[in-house]
Amino acid sequence: MPDGVASRLAPLLTKIMLGEDRDAVVELPIRVRAWDGSSVGPAGAPTFVVRHRRALRRLLWKPGEMGLVRAYVAGELDIEGDVFAALGAVQRVMRSGDRPIVLSSDDKRDIVKTAVTLGAVGPEPKPPPEEFPSGRHGDAAGPLGGPAEFFARMLGPEMAHGTGRWDQAVDLEDAQRAAVESVTLRLDLFRGARVLDLNAGWGAFALHAAEQHGVRVIGLVRTGEQGDHIRARAEAAGLADRVEPRSWDLATAGDGPYDAIVGLSGVEALERSTERLYELLAPGGRLLLQQPVRRPGPHRVRRTFTTSYMFPEDGELRPLGEIVGELEDAGLEVRGVGALREQHARTLRAWAANLQRRWTECAELAGPGRARVWLLYLAASALACESGRIGVHEICAVRRDRDGRAGVTLVGEPAVQGAAGS
């Protein structure tokens, strides 16, 4: 049905999703289907389905990223076809940290006039319940507070949350096994070593290191569900005396010393006190961090999808040099830095594929809105990695002893692929 609401909706969406940046765009590179069944746009293109007038009203009040996200999470706007292609087509909207959409006075008048004829004018709709209240952090666990069954379906049966190693892997499970073992080998773990896992997640690294290398692991977790899951798995594997989950606060790690500290960031940035990490490491102790980073340069802090729905406290990424500088200032010696950007993008795509493949189950377990948040975040993050707008780096460091010796150094190197632009 070529006529109807869609023919008026498409030019309107072009303005409120691209603003003044639409100069070189004749129309949105997507297909639009409206609530009356009419459609317009290139055949075969990913389709944005506007199911309710409220979706348009959200975009009128919040042009650009936040309006689009709210409508999608609320189920008032849907995406049919390849979600990666759909977001790639409107990638300007999803670039967290860029300036917000700018509309001219003429644009605003045209938008309001068209919106009136479509019956989409009214008060600003309330944000979806999945959004953190403005100025508040809400549940500190955020999206990581869902049930273990949901994450098992999205992350895979071992629920490993770090960047997979895809060099010789045939699937996600294989890539995650290779990644976990790669980390333990580079830390040169020895039987009886004390290890602090800064982000234990669901315990994949901690349980592997304890079982395969005989180490004792203190794992910090964000949620009670994560802690209960790790305890149950450790007890079932006979590792209850070697794997202990503790709360997220770094103070619960005690006074050390630890022979090794590892932080696998997964989907979120890990903000930990570098001075505290130095204090916790034994002389000669090793530190390995995997951290999402952004490009250096000026960065405008604003409310984005990530800080509104995923990680309110640490959603803003920092440049690699700033993180390395803080580690060095704390007294640690950085021994190696490697780029994992392409590896991380492939991991994100694999998680998104799992989520889409088991969508009905995942939506029932986490709720449809939360499942939509995760799919949007994984897809947008993968695209950002692939384009080089964000990167993921592995940073290896040691604490020297009083004579300046580093003890047993980190062995091996992280896979370095296409580091330029990270």
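This is a predicted model: local features need pLDDT of at least 70, side-chain atom pairs count only at pLDDT 80 or more; totals for chains, interfaces and linings use all residues.
A salt bridge here is a side-chain nitrogen of Lys or Arg within 4 Å of a carboxyl oxygen of Asp or Glu.

**The whole chain**

Start with everything in view. The chain folds into 15 helices and 11 strands. Of its 422 residues, 55% are buried. Switch to a surface and you are looking at about 17700 Å² of accessible area, with carbon and sulfur atoms accounting for 50% of it.

**Charged pairs**

The structure has 25 salt bridges, and a few are worth a visit. Select arginine 231 and aspartate 228, whose side chains form a salt bridge with N and O 3.3 Å apart. Both sit in helix 9 (residues 224–236), and because they are 3 residues apart, about one helical turn separates them. An α-helix has 3.6 residues a turn, so residues three or four places apart point the same way. Arginine 231 is partly exposed at 43% relative accessible area, and aspartate 228 is partly exposed as well, at 48%.

Next, select arginine 276 and glutamate 279, another salt bridge, with an N to O distance of 3.7 Å. This pair lies in helix 10 (residues 274–280), again 3 residues apart and about one helical turn from each other. Is arginine 276 buried or exposed? Its relative accessibility is 19%, so arginine 276 counts as buried, the cut-off being under 20%.

Now go to glutamate 361 and arginine 358, where the closest N and O atoms of the salt bridge are 3.1 Å apart. Glutamate 361 is partly exposed at 31%, as is arginine 358 at 35%. Elsewhere, show Lys62, Arg70, Glu124 and Glu131 together: salt bridges with shared partners link them into one network.

**Helix 7**

Select residues 172–186, which make up helix 7. Its 15 residues span 21 Å from first C-alpha to last, close to the 21 Å expected at 1.5 Å a residue. At the start of the helix, look for a side-chain oxygen of aspartate 171 within 3.4 Å of the backbone nitrogen of glutamate 173. Beyond the other end, aspartate 188 has a positive phi, near 55°.

Colour the buried residues of helix 7, among them Leu172, Ala175, Val180 and Arg186. Which elements do the buried residues pack against? The partners include helix 6 (148–155), helix 8 (204–213), strand 9 (281–294) and helix 13 (341–357).

Zoom in on glutamine 176, part of this helix and buried, with a relative accessible area of 7%. Beyond its neighbours within four places in sequence, glutamine 176 contacts Ala160, Gly162, Thr163, Gly164, Thr347 and Trp351.

In soluble globular proteins, nonpolar side chains tend to be buried together. Here the largest nonpolar core holds 71 residues, and Leu9, Phe151, Met154 and Trp374 touch the most other members. Helix 15 (residues 368–387) contributes the most to this core, with 12 residues.

Centre on leucine 9 and show its surroundings. Leaving out neighbours within four places in sequence, leucine 9 is in contact with Val32, Ala34, Trp35, Val50, Leu56 and Leu118.

For the last stop, select Val180, Leu187, Ala210 and Leu288, which belong to a second, separate core of 24 residues. Val180 brings you back to helix 7, where it is one of the buried residues.

Note on methods
Residues are numbered from 1 along each chain as its sequence is written. Side-chain values use heavy atoms; hydrogens and water are left out. Helices (H or I, at least four residues) and strands (E, at least two) are DSSP runs, numbered from the N terminus. Buried means under 20% relative accessible area, exposed over 50%, partly exposed in between (1.4 Å probe, protein chains only). Accessible areas come from the Shrake-Rupley method with a 1.4 Å probe; for residues, only the protein chains shown count as cover. Contact means heavy atoms within 4.5 Å. A nonpolar core is a set of buried Ala, Val, Leu, Ile, Met, Phe, Trp, Tyr and Cys residues joined through side-chain atoms within 4.5 Å. The expected span of a helix is 1.5 Å times one less than its number of residues. A polar contact is a pair of N or O atoms within 3.5 Å; within protein, one must be able to donate a hydrogen and the other to accept it, and residues adjacent in sequence count only if both atoms are side-chain atoms.
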